Amino acid sequence: MLKICDGIENPYSPSGNSSVSVPVHVTEMGLRILKENKGHDWEELLLMVSDNKDRVAFKQLFNHFAPRVKSFLMKAGADPTMAEECSQEAMATVWNKAKLFDPTRASASTWIFTIARNKRIDAIRKIRRPEPDELTWPDEIEPAQEEALELKQQSEILADAIQNLPEKQRQLVEKAFFKELSHSEIALETGLPLGTIKSRIRLALERLRHAMG
Amino acid sequence: MNNDKKIKHHLSKDLLIRYSNGSLCEAFSLAVATHISMCDDCRAALESYEALGGALLDVSDPEEMSDDSFESLMALIEEQPDQTTQVSKRNASDVPSALSDYIGGSLKDIKWRPIGLGVKQSLLKTSGNSTARLLYIPAGTAVPHHSHNGNELTLVLKGAFEDEVARFGPGDVEMADEDLDHQPVAVEGEDCICLAVTDAPLKFHTFIHKFVQPFLKI
């Protein structure tokens, strides 16, 4: 079993050629991503968990996503204790099912969101969860690197666009999506006039659409 | 299940959003999952709502976790046996697996109960207040005229029906609410099988149907 801590103490192989020793290579890469990326490369980190059960990578994912999954579950009505427990369980699923992550199909945040969403249904609402059939891809079609890259760029544009929304618009989109409050419920909760809410949400969606081309 | 390019009537945005964030009730989720298995357009729309969910998650304000949450999770992971990821099962049914899980196989395995005029139904067991049932309408036969207290979603699985609104073929979804008073008729040539989901009992107009409604649970 790979001991990450040893890797951190001595991340460089003696030869200086990191591509030979897999565990050291992985940790070195993890450290590089930690150092170089202001914004993290969550897809790369997930693939490191998938390929090598890389704990440094997983801790980065946990630190970013676990508190946000907790927040999502609380918005969906779970109390803080339940939300924390389910968030941990969701992250356990991320660890266990990392092999199923396919960067050509979804970004890391989208994949983790669907795991959190499923946890909401299974553990909090406790109902059955009917799922669509998986699409079956013909074997000869290899998932192309460019596809993964394009999808990643698209998700980054979307995340940037959301991040760049005026705070008030972002909060309203969040309320509408996560708590699926209707416009009039949002009006009740925020004390804003209905017209203001409608126009803010419309503006926000227009900006997002504009950002996505 | 082949994706039918001829699907003309799709799921509403509202249903897709609620399915994507996990707030939809079981009966409607069953209909959504079944339709998406047949419809590439709605699958793509669902994926874009999931992407929006992911992006919102990514930029949302965090809720602090307790200090040892990572360590305790890793301790738990250490204890559990190595999880091997399972290959998704092959669906041998003539309906999407979401639905075949509820009927225990294929369309021929459904246990029908006659509800009059050749029309048959089969109630599916779902939690919550919404009801999911399959309807069997012989070719050329009409389902009694009815309106609704709430929302009704009808998804055609086989054959086709027509009502005052349009013609609905395999994979098509009709959404009806309180304002729609309609009489679906199965088109000639093939018996029609639909999945019908309601969040309130249907209101049938004839006295006899009002009388039997509580017993038939429709």
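Which residue of β3(B) does Leu123(B) stand opposite? The solution is in Exercise 4, which treats Leu123(B) and β3(B) together.

The model is predicted: local features need pLDDT of at least 70, side-chain atom pairs count only at pLDDT 80 or more, and totals for chains, interfaces and linings use all residues. Residues are numbered from 1 along each chain as its sequence is written, while chains are lettered from A and ligands numbered from 1 in the order in which they are written.

**Exercise 1. Describe the make-up of chain A.**

Step 1. Count the elements. Chain A has 10 helices and zero strands. Helices (H or I, at least four residues) and strands (E, at least two) are DSSP runs, numbered from the N terminus.

Step 2. Look at burial. Chain A has 213 residues, and 34% of them count as buried. A residue is buried if 20 or more other C-beta atoms lie within 10 Å of its own, exposed if 12 or fewer, and partly exposed in between, with C-beta atoms placed from the backbone.

Step 3. Look at contacts along the chain. Among contacts in chain A with a separation of 6 or more, 55% are between residues 24 or more positions apart. Two residues are in contact if their C-beta atoms, placed from the backbone, lie within 7 Å.

**Exercise 2. Work out how α3(A) packs on α4(A).**

Step 1. Locate the helices. Helix α3 of chain A covers residues 42-52, and helix α4 of chain A covers residues 55-75.

Step 2. Axes are lines fitted to C-alpha atoms, for helices over the stretch in contact, and angles run from 0 to 180 degrees between N-to-C directions.

Step 3. Name the arrangement. α3(A) and α4(A) are therefore oblique to each other. Angles under 35 degrees count as roughly parallel, over 145 as roughly antiparallel, 65 to 115 as roughly perpendicular and the rest as oblique. The crossing of α3(A) and α4(A) is left-handed. A crossing is left-handed if the near helix is turned anticlockwise from the far one by less than a right angle, and right-handed if clockwise.

Step 4. List the residues. From α3(A) come Trp42(A), Leu45(A), Leu46(A), Met48(A) and Val49(A), and from α4(A) come Ala57(A), Phe58(A), Gln60(A) and Leu61(A). By class, this contact of α3(A) with α4(A) has eight nonpolar, one polar and no charged residues. Ala, Val, Leu, Ile, Met, Phe, Trp, Tyr, Cys and Pro count as nonpolar, Asp, Glu, Lys and Arg as charged, and the others, Gly among them, as polar.

**Exercise 3. Find which helix of chain B gives the most to the side touching chain A, and describe how helices of chain A meet this helix.**

Step 1. Count the residues. On chain B, 44 residues are in contact with 47 residues of chain A. The largest share on the chain B side comes from α3(B), with 11 residues. That side of chain B divides into 19 nonpolar, 17 polar and eight charged residues.

Step 2. Take α7(A), residues 145-163. The axes of α7(A) and α3(B) come within 9 Å and cross at roughly 55°. The two helices, α7(A) and α3(B), are therefore oblique to each other, and the crossing is right-handed. Among the residues in this contact are Leu158(A) and Ile162(A) of α7(A), and Ala55(B) and Val59(B) of α3(B).

Step 3. Take α8(A), residues 167-178. α8(A) packs on α3(B) at an angle of about 130°, with the axes 11 Å apart. That makes α8(A) oblique to α3(B), and the crossing is left-handed. Glu174(A), Phe177(A) and Phe178(A) of α8(A) meet Leu52(B), Gly53(B) and Leu56(B) of α3(B).

Technical notes:
Two strands pair if DSSP finds at least two bridges between them.
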